Amino acid sequence: MELDELYREAILDHARHPRNFGDLEGCDRSAAAKNVSCGDAVRLSLRISRENRIEEIRFCGSGCAISTASASLLTLAVRGKSVEEALQLVESVQRLLTGASAPQDKLSGDLAALAGVRRFPQRVSCAMLSWHALEDALRTGETNSA
Ligand code: ZN
């Protein structure tokens, strides 16, 4: 009960004060995703270092509280991670949200707040939107190298 309340607060906080919101100048990769059932739209822009690490990431778009909070949490969670680590995180989040993960797979920090969404299956696509965009950007994202 108390934990649920904590999760709810983290989600609301990120929805009201999204972190890393905006466009990234001189990004290497970008990807957009839309959730037609809710009207959420998100676009990620990233800069990847030569060592294949996510140096910088921002998101923009508009959507419901859950999609905005999830994108905000995403930017904090993957900055500084390698592309490989970030892709693994996408998988962990997906497993968590679809209820397929074991309890020991729990995500750390604020990201754990997303676990609260699994009780609302119709909102899972809201929470997953930015993570799908991230996967897109990392796997197939266009390279804007000049
Ligand atoms: Zn939504």
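Buried, in this talk, means under 20% relative accessible area, exposed means over 50%, and partly exposed is in between, with a 1.4 Å probe and protein chains only. The model is predicted, so local features need pLDDT of at least 70, side-chain atom pairs count only at pLDDT 80 or more, and totals for chains, interfaces and linings use all residues. Residues are numbered from 1 along each chain as its sequence is written, and side-chain values use heavy atoms, with hydrogens and water left out.

I start with two asparagines. Asn20 sits in the loop between α1 (2–16) and β1 (29–35); helices (H or I, at least four residues) and strands (E, at least two) are DSSP runs, numbered from the N terminus. Asn20 has a positive phi, near 55°, and is not a glycine. Its relative accessibility is 18%, so Asn20 counts as buried.

Asn52 also has a positive phi, near 70°, and lies in the loop between β2 (40–48) and β3 (54–62). Asn52 counts as partly exposed because its relative accessibility is 38%.

Now the helix pair. The axes of α3 (residues 83–97) and α4 (residues 124–139) come within 10 Å and cross at roughly 160°. Axes here are lines fitted to C-alpha atoms, for helices over the stretch in contact, and angles run from 0 to 180 degrees between N-to-C directions. The two helices are therefore roughly antiparallel, the word for angles over 145 degrees.

Which residues of α3 meet α4? With contact meaning heavy atoms within 4.5 Å, the α3 side is Val83, Ala86, Leu87, Leu89, Val90, Val93, Gln94 and Leu97. On α4, the residues met include Trp131, His132 and Arg139.

Conventions
Parallel < 35°, antiparallel > 145°, perpendicular 65-115°, else oblique.
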